[in-house]
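Subject: Structure handover and notes

Dear colleague,

Please find the structure below. My notes on what was found in it follow.

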Amino acid sequence: MADLTLPTRPEPPEGAEDVWLHCIECGHTLPPFDGVVFTCPECDGLLEVRYATYPTFADFEGDERVWRYAAALPFEEGVSLPEGGTQLHEVPRIEESVGVRNLRVKHEGMNPTGSFKDRGMTVGVRVAQELGVDRLACASTGNTSAALAAYGARAGLETLVLLPAGKVAAGKIAQASLHGARILEVDGNFDDCLDRVQDLAERGEAYLLNSLNPFRLEGQKTIGLEILERFYAEEGRFPDRIVLPVGNAGNTAALYKCFRELVQSGALAPGDVPKLTGVQAEGAAPMVEAIREGNAETRRWPDVETIATAIRIGNPVNAPKALPGIRETGGTAVAVSDAEITDAQRELAGEGVGVEPASAASLAGLRKLADAGEVSAGEDVVCLTTGHLLKDPDAAAKAGSEPEPVPNDTDDILAHLAGKDVDGGLLGRLRRLL
């Protein structure tokens with residue numbers, strides 16, 4: 001049974017009867033839209049959105065999209081493309097080889113810009129409108145920049161993205177560029193870019209929409225709501241475990257918040273809370289290090305490297321929210337190699353689910369934990385895949401099969417398919433003689 005720290009219900013600050021911001025470190029509260037703020041003005045701790053009431057599943061209405069869950073969000077509607085409603089894919093061959101009772105893949109690459117980031121942006125850009133800001137900004141390994149550029153364009157707001165030079169997949173840069181964002185390539189890694197964006201935000205030059213922004217995570221918690229609703233509809237029970245890639249740990253924090261709010265409302269029993277299991281690449285694994293060593297916080301990794309560019313992050317800003325989520329749900333964290341990630345990417349593609357490398361980390365981590373006996377055969381598991389394979393076409397091409405050159409002749413093509421050496425065979429020799 002999960003032992004969750006449930007959201008407290010202090011008196012809301014003046015002017016914020018229904019929704020407010022709460023510091024997870026010192027407990028300070030403040031109105032949600034009374035000025036631009038990203039961290040606690042008292043202690044610089046992380047902020048979390050709190051509500052006067054928390055919904056049950058009966059409060060959710062409409063199509064299976066993010067705004068179906070308006071009762072759990074700060075607005076009735078947002079800047080929408082629309083987003084959400086991604087499917088739980090069955091992957092029977094992988095399920096059998098891993099050896100769990102049920103395995104589903106929640107493919108967030110089917111969102112409008114090809115990643116889960118759209119869920120956070122539909123809420124975050126709506127907040128920016130409420131605050132009256134005119135410039136949005138983010139640091140990004142690629143997916144955040146693509147989503148922010150698209151939603152900023154939809155809202156008619158200027159968008160600025162800071163990317164680590166030479167470290168972002170071409171597909172993601174192309175998206176941000178076409179949607180009209182100003183792209184600044186920084187001589188540094190993602191964490192350096194985030195430092196610069198925070199500086200710009202603190203100087204009032206831009207509205208930050210990385211997952212440090214607590215409203216971003218409100219949209220992302222709808223991933224958890226969709227998983228629980230859909231899995232229960234299909235299986236008559238909730239999943240035992242959700243395995244997800246971890247970069248800045250925003251999704252881990254968001255799902256943890258989702259579960260806590262459902263337990264608070266009585267919609268979810270503590271014993272039904274899925275175990276949150278985080279997966280990082282071996283070359284960028286500060287969360288795994290903290291979980292394995294029992295540390296209360298992560299150590300910043302100054303040098304990170306992995307083929308999984310979307311999780312190439314050495315200083316996960318949401319670790320203070322995410323570490324309790326893994327521990328209190330009875331989950332764990334595991335690091336996987338780039339080779340294991342690529343193998344998992346190929347496996348998913350073999351089931352028709354095309355994902356970028358970071359997404360495949362979830363399956364790679366599940367397989368590693370199952371092989372080690374840390375995931376039992378009787379478990380119902382959902383793997384979260386966070387981005388579409390076309391986000392990183394170069395990595396997809398390297399993981400896929402090589403093109404096979406053949407002559408412009410049907411008989412030669414059939415001979416090739418039969419495994420015959422066309423150039424050195426009878427057909428090839430006759431063709432050269434003629």
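Between which two strands does the loop that holds proline 82 lie? Proline 82 sits in the loop that connects strand S3 (47–51) and S4. Please keep in mind throughout that this is a predicted model. The peptide bond between leucine 81 and proline 82 is cis, with omega about 0°. As background, most peptide bonds are trans.

Strand S3 and its surroundings

Strand S1 (residues 19–23) pairs with S3 in the antiparallel sense, over 5 bridges. Within S3, glutamate 48 has histidine 22 standing opposite. S3 is mostly covered, with 5 of its 5 residues buried. The cover extends to both faces: Leu47, Val49 and Tyr51 are buried on one side, and Glu48 and Arg50 are buried on the other.

The loop between strand S2 (29–30) and S3 holds aspartate 44. This residue has a positive phi, near 70°, although aspartate 44 is not a glycine. Aspartate 44 counts as exposed because its relative accessibility is 54%, and the cut-off for exposed is over 50%.

Valine 243 stands opposite threonine 277 in S11.

How many of the 5 residues of S10 are buried? The count is 5 of the 5, so S10 is largely enclosed by the rest of the structure. Both faces of S10 are covered: Ile242 and Leu244 are buried on one side, and Arg241, Val243 and Pro245 are buried on the other.

The loop between S10 and H8 contains alanine 249. Alanine 249 also has a positive phi, near 70°, in a residue other than glycine. As background, most residues other than glycine have a negative phi. Is alanine 249 buried or exposed? Alanine 249 is buried because its relative accessible area is 3%, and the cut-off for buried is under 20%.

Strand S5 (residues 102–107) includes histidine 107. Histidine 107 is buried as well, since its relative accessible area is 3%. Leaving aside residues up to four places away in sequence, histidine 107 touches Thr86, Gln87, His89, Val353, Gly354, Val355, Thr385, Gly387 and His388.

The sheet of 4 strands

Another open sheet has 4 strands, ordered S8-S7-S6-S9, with parallel pairing. Strand S8 (182–186) and strand S9 (207–208) are the edge strands, and each pairs on one side only. Strand S6 (residues 135–139) runs parallel to S9 and is joined to S9 by 2 bridges. Alanine 137 stands opposite leucine 208 in S9.

Helix H4 (residues 170–178) includes alanine 170. With a relative accessible area of 47%, alanine 170 is partly exposed, because that class covers values between the under 20% of buried and the over 50% of exposed. Alanine 170 and proline 41 are 129 residues apart along the chain, and their C-alpha atoms are separated by 38 Å.

Which residues form a nonpolar patch on the surface? The patch consists of Val406, Ile413, Leu414 and Leu417, which together have about 360 Å² of accessible area. Leucine 417 is in helix H14 (residues 410–417). Leucine 417 counts as exposed because its relative accessibility is 67%.

Regards

Technical notes
Residues are numbered from 1 along each chain as its sequence is written. This is a predicted model: local features need pLDDT of at least 70, side-chain atom pairs count only at pLDDT 80 or more; totals for chains, interfaces and linings use all residues. Side-chain values use heavy atoms; hydrogens and water are left out. Two strands pair if DSSP finds at least two bridges between them. Patches are made of residues with over 30% relative accessible area and no salt bridge: like charges are joined within 9 Å, nonpolar side chains (Val, Leu, Ile, Met, Phe, Trp, Tyr) within 5 Å. Accessible areas come from the Shrake-Rupley method with a 1.4 Å probe; for residues, only the protein chains shown count as cover. A salt bridge is a side-chain nitrogen of Lys or Arg within 4 Å of a carboxyl oxygen of Asp or Glu. Buried means under 20% relative accessible area, exposed over 50%, partly exposed in between (1.4 Å probe, protein chains only). Contact means heavy atoms within 4.5 Å.
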